[in-house]
Amino acid sequence: MTTNAIIAEMRNQLKGVMEPRELNAVINLALAEVLNYSPVDVVLRGDFEQDQVLVDRLRAITSRLLKHEPIQYILGHARFHGHEFKVTPDTLIPRPETEMLVDMIVDDNPESDLSVIDLGTGSGCIAISLARALKWPQVTAVDNSAAALAVAQENARQLHAHVQFRQRDMLTMPPEPQAWHIVVSNPPYVCESEKAAIEPNVLDYEPGSALFVPDDDPLLFYRAIARYAAASLKPGGKIYLEINQHYGAQVEQLLRHNGFAQVTISHDQYNRVRYATAALPQ
């Protein structure tokens, strides 16, 4: 079976499962994983006959995609901030919006030897990316899931990043006075009532505990994070949050109530409210 025939078969089977742009990206990822083909290779070797073992592997991937399973979980890894991260159903799949949060922190903080804590680290993508991109930082990553921390620790080893890991519940963490220059978090923030708008590949496969908050308490994690950060940051220390687009004003008010200044609510690449940043007074 030729490369072109494999692609045609995948397109035909998956055309009703995902949009064309996403389908193209998924097929490219599958071909890169199984055939080690770049998009240029796909063009140049379209008529190349593939070994049946490889054809069967691609068909197995297609079968899982037909059940809306994310390609990142099928392949076992996802690209984030220029690196490959292991991902499992115990961790969220890293997203481009979160890459922008990392870029924001790196751009805002050119100093060296900063102490950073990432609350709710999941795969470790934020903490590890900051450990590699900042100048000689001391990075700590926290999660309440032992399974997620095991994935994050493996990612740190594979990417040669120096990160300390702690198994803690961010909702009940005691303050650590003047411990950090930066607190960052991408906590659960999707309301239960928003589930109807979520695609099956997210709803059915990604860990709900890392996604959802009760409708009657959408700021559950932000309250805890703001309290912890206000009591644990050094004077002038900064907080960086990824937030629900519907609660920007409420998060801003919450941060101000906890003593933060220079509060900014900003948008992602899709022009959705996505980030809250603030600093303690000097």
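**Gln-262.** I started with Gln-262, which comes out exposed at 64% relative accessibility. I'm working on a predicted model here. Gln-262 sits in strand S10, residues 261-267. Its phi is positive, about 50°, and it isn't a glycine.

**Another positive phi.** I found a phi of about 50° at Gln-178 too, again not a glycine. Gln-178 belongs to the loop between strand S5 (163-167) and S6.

**Strand S9.** Next I looked up S9, residues 233-242. Seven of its 10 residues are buried, so I noted S9 as largely enclosed by the rest of the structure. What does S9 pair with in the parallel sense? That is S6 (residues 180-185), over five bridges. In this pairing Ser-185 stands opposite Leu-241 of S9. S9 also pairs with S11 (residues 273-279), in the antiparallel sense and over five bridges. There I picked out Tyr-240, whose bridge partner in S11 is Thr-277.

**Helix H7.** I checked burial for H7 (residues 125-133) as well. Seven of its nine residues are buried, so this helix is largely enclosed by the rest of the structure. The buried set runs Cys-125, Ile-126, Ala-127, Ile-128, Ser-129, Leu-130 and Ala-131.

**Rings.** I searched the whole structure for aromatic pairs and got one. It is Phe-80 with Phe-85: ring centres 6.0 Å apart and planes at 80°, so I logged the pair as edge-to-face. Are these two buried or exposed? Phe-80 and Phe-85 are both buried. I also noted a charge over a ring: Lys-195 lies over the face of Phe-212, 4.8 Å from the ring centre.

**Salt bridges.** My tally for the structure is 10 salt bridges. I went through three of them.

- Arg-95 and Glu-206 meet through their side chains at 2.5 Å, N to O. Arg-95 is partly exposed at 27% relative accessible area, whereas Glu-206 is buried at 5%.
- Arg-64 and Glu-69 form a salt bridge of 2.7 Å, N to O. Arg-64 counts as partly exposed, at 35%. Glu-69 has a relative accessible area of 15%, so it is buried, the cut-off being under 20%.
- Glu-252 bridges to Arg-256, with the closest N and O atoms 3.1 Å apart. Why are they separated by about one helical turn? Because they are four residues apart in helix H11 (residues 248-257). An α-helix has 3.6 residues a turn, so residues three or four places apart point the same way. Glu-252 is partly exposed at 27%, and Arg-256 is partly exposed at 43%.

**Surface patch.** I then turned to the nonpolar surface. Val-40, Val-43 and Leu-44 make a patch of about 340 Å². Val-40 is found in helix H3, residues 39-44. With a relative accessible area of 53%, Val-40 is exposed, since the cut-off is over 50%.

**Gln-153.** Last entry: Gln-153, in helix H8 (residues 146-158). Gln-153 is partly exposed, with a relative accessible area of 33%. I looked up its distance to Thr-62: 30 Å in space, C-alpha to C-alpha, at 91 residues apart in sequence.

Notes. Residues numbered from 1 in each chain as written. Predicted model: local features only at pLDDT ≥ 70, side-chain atom pairs only at ≥ 80, totals over all residues. Heavy atoms only, no water. Patch = residues over 30% accessible without salt bridge, like charges linked within 9 Å, V, L, I, M, F, W, Y side chains within 5 Å. Areas by Shrake-Rupley, 256 points an atom, 1.4 Å probe, with all protein chains shown as cover. Salt bridge = Lys/Arg side-chain N within 4 Å of Asp/Glu carboxyl O. Helix = DSSP H or I, 4+ residues; strand = E, 2+ residues; numbered from the N terminus. Buried < 20%, exposed > 50% of the residue type's maximum accessible area, 1.4 Å probe, protein only. Pairing = 2+ DSSP bridges. Phe/Tyr/Trp six-rings, centres within 6.5 Å; stacked < 30°, edge-to-face > 60°. Lys NZ or Arg CZ within 6 Å of the ring centre and 35° of its normal.
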